[in-house]
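The following exercises concern a two-chain protein model and are each followed by a worked solution.

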Protein chains: 2
Amino acid sequence: MPLPPPQRLLATPSWLLTQVAAAAGRRSRERCEAVGAARYHYAILCAVEEFGPCSQAEIGARCHMDRKDVAERVGELERQHCVVRCQDPADPRRKLVTLTDAGRARLEEIAAEIAVAQADLMEPLDDGERDALVAALQKLLGR
Amino acid sequence: MPLPPPQRLLATPSWLLTQVAAAAGRRSRERCEAVGAARYHYAILCAVEEFGPCSQAEIGARCHMDRKDVAERVGELERQHCVVRCQDPADPRRKLVTLTDAGRARLEEIAAEIAVAQADLMEPLDDGERDALVAALQKLLGR
DNA sequence: GCCTATAGTTGGCGAGACCAACGGAGCGTA
DNA sequence: TACGCTCCGTTGGTCTCGCCAACTATAGGC
């Protein structure tokens, strides 16, 4: 039987967000690990799929990831032949990350797992509540 | 100018939660550090204030913290004379954590900082949206 | 008197967010 | 043209947070 948390914490959005995000992260991580992937990989693959070959800096800016972490994870994806890295002819500083066919298949594989995790997480909410939650989070993010 | 994230991520609650929780955590942490405290300290002080002298195990269960972390943080609070730890006469295994006057003052000090962080975080939302967000998060947590 | 469960403590791990420094390369300007 | 500033990728760290394993001591049921 779970003991109720202190009222102060229950009224503190940052605490609630931390708790729920931890639970959501756990679910997503477990699902990703089931197919041998990490959460970062999903974000990178999504970015490369939607915005085409793009630099690591752009991936980091779009997915709110540190440059270091992008470099590491892209390296992992490259070793799995999910993406290829090649120098940008227009600017040799940049390395363009391109999705391969294997990467596209991998993306859909991970996406299916992620979808299960989301459904599991959001199960207690009805459709209206889910939409409201997502909208509120997007609003908080968009600054 | 912030580049927009991939649509897939924007539609993924767990990703949104992680991002917003990270931003919220950053704000709260900065505010807590301004008065030389950690976020864990606030949770512990809240629990002890609301539920009276209680065991470390109970604090952990209520605040969703690992026993190890509770022990460490309570030790820090004790060194700052914010709480006292004494053996439970009814069960020598338990250590009852009790709030001191200094601890109560410290709690209010930290609470004021936390409140600023919350107001800052939730600024883009109107009252209705805030209530809906908090209610949805509580619902997701309550399982 | 056993056996299991619980409480506290110690030590460690892994994921994530973040920061600092470096070399290489673009770009504007004097 | 040469300088300075900025950006990109890379390496090597740090810090928080959640979590797990092992150990000792004790409670409670059998």
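Buried area is the accessible area, taken with a 1.4 Å probe, that two parts lose on being put together, summed over both. The model is predicted, so local features need pLDDT of at least 70, side-chain atom pairs count only at pLDDT 80 or more, and totals for chains, interfaces and linings use all residues. Residues are numbered from 1 along each chain as its sequence is written, chains are lettered from A and ligands numbered from 1 in the order in which they are written, and side-chain values use heavy atoms, with hydrogens and water left out.

**Exercise 1. Describe the interface of chain B and chain A by area, contacts and composition.**

Step 1. The two chains bury about 5100 Å² between them, and 67% of this area lies on carbon and sulfur atoms.

Step 2. Counting contacts (heavy atoms within 4.5 Å), one finds 55 residues of chain B against 55 residues of chain A.

Step 3. A polar contact is a pair of N or O atoms within 3.5 Å; within protein, one must be able to donate a hydrogen and the other to accept it, and residues adjacent in sequence count only if both atoms are side-chain atoms. The interface of chain B and chain A holds 20 residue pairs in polar contact, both residues being at pLDDT 80 or more.

Step 4. Helices are DSSP runs (H or I, at least four residues), numbered from the N terminus. Helices of chain B that each supply at least two residues to the side touching chain A include H1 (7-10), H3 (39-51) and H7 (127-141). The most comes from H2(B), with twelve residues.

Step 5. With Ala, Val, Leu, Ile, Met, Phe, Trp, Tyr, Cys and Pro taken as nonpolar, Asp, Glu, Lys and Arg as charged, and the others, Gly among them, as polar, this side of chain B comprises 33 nonpolar, nine polar and 13 charged residues.

**Exercise 2. Which residues have the most contacts inside the largest nonpolar core?**

Step 1. Such a core is a set of buried Ala, Val, Leu, Ile, Met, Phe, Trp, Tyr and Cys residues joined through side-chain atoms within 4.5 Å. Buried means under 20% relative accessible area, exposed over 50%, and partly exposed in between (1.4 Å probe, protein chains only).

Step 2. The largest core has 84 residues, and those with the most contacts inside it are Leu17, Ile59 and Leu133 of chain A and Leu17, Ile59 and Leu133 of chain B.

Step 3. Leaving out residues up to four places away in sequence, Leu133(A) touches Met122(A), Leu125(A), Leu133(B), Ala136(B), Leu137(B) and Leu140(B).

**Exercise 3. How many salt bridges does the whole structure contain, and how many join chain B and chain A?**

Step 1. A salt bridge places a side-chain nitrogen of Lys or Arg within 4 Å of a carboxyl oxygen of Asp or Glu. The search over all chains finds 26, and six lie between chain B and chain A.

Step 2. Within chain A, Glu113(A) and Arg31(A) have their closest N and O atoms 3.0 Å apart. This pair spans 82 residues, from Glu113(A) in helix H6 to Arg31(A) in helix H2. Glu113(A) is buried at 17%, whereas Arg31(A) is partly exposed at 34%.

Step 3. Within chain B, Arg106(B) and Glu109(B) form a salt bridge at 2.9 Å. Both belong to helix H6 of chain B and are three residues apart, about one helical turn. Arg106(B) is buried at 14%, while Glu109(B) is partly exposed at 35%.
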